[in-house]
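Try each task before you read its solution.

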Amino acid sequence: MKKSNRELNVYVGTYAHEFRMRNDISQEQMAELLHISTRFYQALEYGRHGMGAQTICRLLILLSEEEQLAFIAEIAKINL
């Protein structure tokens, strides 16, 4: 896996985890909101898997506009 892909996976997984904790959402609930399995979501949080486009879109829908902009700004800093 390219370093940039790993970095992106870790960032997105960490962000999803922090969002989930701020909003008192269980991993099971978050997986359901993202339309993925709980096991796959757990792997996402640890950066072992990346999110597909549909899953990232579902995550963005959960965020406020301010959170969306901050999330995208951080992704833009990663040398993809």
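This is a predicted model: local features need pLDDT of at least 70, side-chain atom pairs count only at pLDDT 80 or more; totals for chains, interfaces and linings use all residues.

Residues are numbered from 1 along each chain as its sequence is written, and side-chain values use heavy atoms, with hydrogens and water left out.

**Exercise 1. Find how α2 and α4 pack, and name the residues in contact.**

Step 1. Recall the description. Two packed helices are described by the angle between their axes and the distance between the axes.

Step 2. Locate the helices. Helix α2 spans residues 27-34 and helix α4 spans residues 53-62. Helices (H or I, at least four residues) are DSSP runs, numbered from the N terminus.

Step 3. Read the geometry. The two axes come within 9 Å and cross at roughly 110°. Axes are lines fitted to C-alpha atoms, for helices over the stretch in contact, and angles run from 0 to 180 degrees between N-to-C directions.

Step 4. Classify the angle. α2 is roughly perpendicular to α4. That class covers 65 to 115 degrees; angles under 35 count as roughly parallel, over 145 as roughly antiparallel, and the rest as oblique.

Step 5. List the contact (heavy atoms within 4.5 Å). α2 supplies Met30, Leu33 and Leu34, while α4 supplies Thr55, Arg58, Leu59 and Leu62.

Step 6. Sort by class. The contact of α2 with α4 has 5 nonpolar, 1 polar and 1 charged residues. Ala, Val, Leu, Ile, Met, Phe, Trp, Tyr, Cys and Pro count as nonpolar, Asp, Glu, Lys and Arg as charged, and the others, Gly among them, as polar.

**Exercise 2. Which residues of α2 and α4 are buried, and where do they sit around each helix?**

Step 1. Buried means under 20% relative accessible area, exposed over 50%, and partly exposed in between (1.4 Å probe, protein chains only).

Step 2. Take α2. Gln27, Met30, Ala31 and Leu34 are buried. They cover an arc of only 100° around the axis, so they are on the same side of α2. The arc is that of the directions from the helix axis to the C-beta atoms.

Step 3. An α-helix has 3.6 residues a turn, so residues three or four places apart point the same way.

Step 4. Take α4. Thr55, Leu59 and Leu60 are buried.

Step 5. The face away from the buried side carries the exposed residues Ala53, Gln54 and Ile61.

**Exercise 3. Is Thr55 buried or exposed, and what does Thr55 touch?**

Step 1. Thr55 is in helix α4.

Step 2. Its relative accessible area is 9%, so Thr55 is buried.

Step 3. Thr55 touches Leu34 and Ile36, not counting residues up to four places away in sequence.

**Exercise 4. Describe Asp24 and His35, which have positive phi.**

Step 1. Most residues other than glycine have a negative phi.

Step 2. Asp24 has a phi near 50°. Asp24 is in the loop between α1 (3-22) and α2. With a relative accessible area of 72%, Asp24 is exposed.

Step 3. His35 has a phi near 65°. His35 is in the loop between α2 and α3. With a relative accessible area of 59%, His35 is exposed.

Technical notes
Helices (H or I, at least four residues) and strands (E, at least two) are DSSP runs, numbered from the N terminus.
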